[in-house]
Amino acid sequence: MTVADIDELLPPSRSPRDYLDLVADPRVDQAVLHTLAASPYSFVRQAVADHPLADARTLSTLPTDDLDRWDRNRLVATIARHPNADRAVLLGVLAETLMMLRLPDVRPYACALALAERPELEPFEVSALNDQPGASRWMRRGVRRRLAMRPPAHRSLSSPDYADRS
């Protein structure tokens, strides 16, 4: 599908809801999702991030800078959990999460926990989240536990990051 095809799927007079409904349309493919990822509506971007057909290219282009902290946290956590998010996408999410943990009153804890479960990321990369000023005791413990629950092939048992300290 192309952008012209998107115009054919939408009614002549469009509302934001029409774009949200388009994400759920069974005729939508990755090209349409990629186009909708640039939507000005945060709920459309969230629906794109939730969509099982969203590929790594689409996930990496979802803009988050213009979102409030709650929508941003939710979108970034959704991307972190998406099965099509590859290492490059997850490294971008990790960088954004590190940045958010340095801001006052931003708590991307769900994203940090989701990243800790992803085998594409090295434990030392994820453990850097625990060193940030906004990392709560609960988040640090959750990250350590999720890293420790990884299969042995995805963790280094000699790493001190796996000690379950509270």
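Student: Which residues line the largest pocket?

Tutor: Good place to begin, and keep in mind that this is a predicted model. The largest pocket holds about 150 Å³ of space. Its lining is made by Leu 59, Ser 60, Leu 62, Thr 64, Val 76, Ile 79, Ala 88, Val 89, Gly 92, Val 93 and Glu 96.

Student: Which element gives the largest share of the lining of the largest pocket?

Tutor: Let's start from the elements that give two or more residues to this lining, which are α5 (56-61), α6 and α7 (87-101). The largest share is five residues, and the helix that provides them is α7.

Student: How many nonpolar, polar and charged residues are in that lining?

Tutor: Leu 59 and Val 76 are among the lining residues, and both Leu and Val count as nonpolar. Glu 96 is also in the lining, and Glu counts as charged. Sorted this way, the lining of the largest pocket has seven nonpolar, three polar and one charged.

Student: Are α2 and α4 roughly parallel or roughly antiparallel to each other?

Tutor: Helix α2 covers residues 16-24, and its axis comes within 9 Å of that of α4. The two axes cross at roughly 0 degrees. Angles under 35 degrees count as roughly parallel, so the description for α2 and α4 is roughly parallel.

Student: How many nonpolar, polar and charged residues make the contact of α2 with α4?

Tutor: On the α2 side we find Pro 16, Tyr 19, Leu 20 and Val 23. They meet Phe 43, Val 44, Ala 47 and Val 48 in α4. By class, this contact has eight nonpolar, no polar and no charged residues.

Student: How many charged residues are in the contact of α4 with α6?

Tutor: Helix α4 (residues 42-50) and helix α6 (residues 69-81) pack at about 15 degrees, with axes 9 Å apart, and they are therefore roughly parallel. The contact is made by Ser 42, Arg 45, Gln 46, Ala 49 and Asp 50 of α4 with Asp 71, Arg 74, Leu 75, Thr 78 and Ile 79 of α6. Of these residues, three are nonpolar and three polar, while the number charged is four.

Student: What is the handedness of the crossing of α7 and α8?

Tutor: Helix α8 spans residues 109-116, and its axis comes within 10 Å of that of α7, crossing at roughly 145 degrees. Here Leu 90, Val 93, Leu 94, Thr 97 and Leu 101 in α7 meet Tyr 109, Cys 111, Ala 112 and Leu 115 in α8. That contact divides into eight nonpolar, one polar and no charged residues. As for its handedness, the crossing of α7 and α8 is left-handed.

Notes:
Residues are numbered from 1 along each chain as its sequence is written. This is a predicted model: local features need pLDDT of at least 70, side-chain atom pairs count only at pLDDT 80 or more; totals for chains, interfaces and linings use all residues. Side-chain values use heavy atoms; hydrogens and water are left out. Axes are lines fitted to C-alpha atoms, for helices over the stretch in contact, and angles run from 0 to 180 degrees between N-to-C directions. Helices (H or I, at least four residues) and strands (E, at least two) are DSSP runs, numbered from the N terminus. Angles under 35 degrees count as roughly parallel, over 145 as roughly antiparallel, 65 to 115 as roughly perpendicular and the rest as oblique. Contact means heavy atoms within 4.5 Å. On a 1 Å grid over the protein atoms alone, a cavity is a set of points where a 1.4 Å probe fits but cannot get out, and a pocket is an open set with protein on both sides within 12 Å along at least five of seven lines; lining residues have an atom within 4 Å of a point. Grid points are joined across faces, edges and corners, and a volume is the space filled by probe spheres set on the points. A crossing is left-handed if the near helix is turned anticlockwise from the far one by less than a right angle, and right-handed if clockwise.
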